[in-house]
Amino acid sequence: MAQSKGWVRRYFKAFCKGFFVAVPVAVTFLDRVACVARVEGASMQPSLNPGGSQSSDVVLLNHWKVRNFEVQRGDIVSLVTLFS
């Protein structure tokens, strides 16, 4: 019984260490480098969602391009409101 408790405790400790390292790294990556978003609706047709409003496309939002002002003609720009 003591061995099984020791194994569970080691597993839980390793999980917590990994969790508390992986979550901040993932959040920073998604906030500063790139994130994945789903585009729905008719606002981007025919470039995105060519099948109609029932379908959705998945896009990669590159934060580095915008931060370095490397936006060019033909690029799709996504705006997010901070106020609801």
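This passage describes the fold, surface and side-chain pairings of a predicted single-chain model. Residues are numbered from 1 along the chain as its sequence is written, and side-chain values use heavy atoms, with hydrogens and water left out. Because the model is predicted, local features need pLDDT of at least 70 and side-chain atom pairs count only at pLDDT 80 or more, whereas totals for chains, interfaces and linings use all residues.

The mean pLDDT of the chain (the predictor's confidence in each residue, from 0 to 100) is 79, and 87% of the residues reach 70 or more. Two helices and two strands make up the secondary structure, where helices (H or I, at least four residues) and strands (E, at least two) are DSSP runs numbered from the N terminus. Along the sequence these elements follow the pattern α-β-β-α. Where pLDDT is low, the predicted coordinates should not be read in detail.

Of the 84 residues in the chain, 7% are buried, a class defined by under 20% relative accessible area, with exposed meaning over 50% and partly exposed lying in between (1.4 Å probe, protein chains only). Contacts are heavy atoms within 4.5 Å, and among those between residues at least 6 apart in sequence, 44% join residues at least 24 apart. The chain exposes about 7800 Å², of which carbon and sulfur atoms supply 63%; accessible areas come from the Shrake-Rupley method with a 1.4 Å probe, and for residues only the protein chains shown count as cover.

A nonpolar patch on the surface is formed by Trp7, Val8, Tyr11, Phe12, Phe15, Phe19, Phe20, Val23 and Val27, which together have about 1000 Å² of accessible area. Patches are made of residues with over 30% relative accessible area and no salt bridge, like charges being joined within 9 Å and nonpolar side chains (Val, Leu, Ile, Met, Phe, Trp, Tyr) within 5 Å.

The structure holds one salt bridge, that is, a side-chain nitrogen of Lys or Arg within 4 Å of a carboxyl oxygen of Asp or Glu. This pairing joins the side chains of Asp31 and Arg32 at 3.7 Å, N to O; Asp31 is partly exposed at 46% relative accessible area, and Arg32 is likewise partly exposed at 44%. With a disulfide taken as a pair of cysteine sulfur atoms within 2.5 Å, the count comes to zero. Cys16 is partly exposed, with a relative accessible area of 22%, whereas Cys35 counts as buried at 17%.
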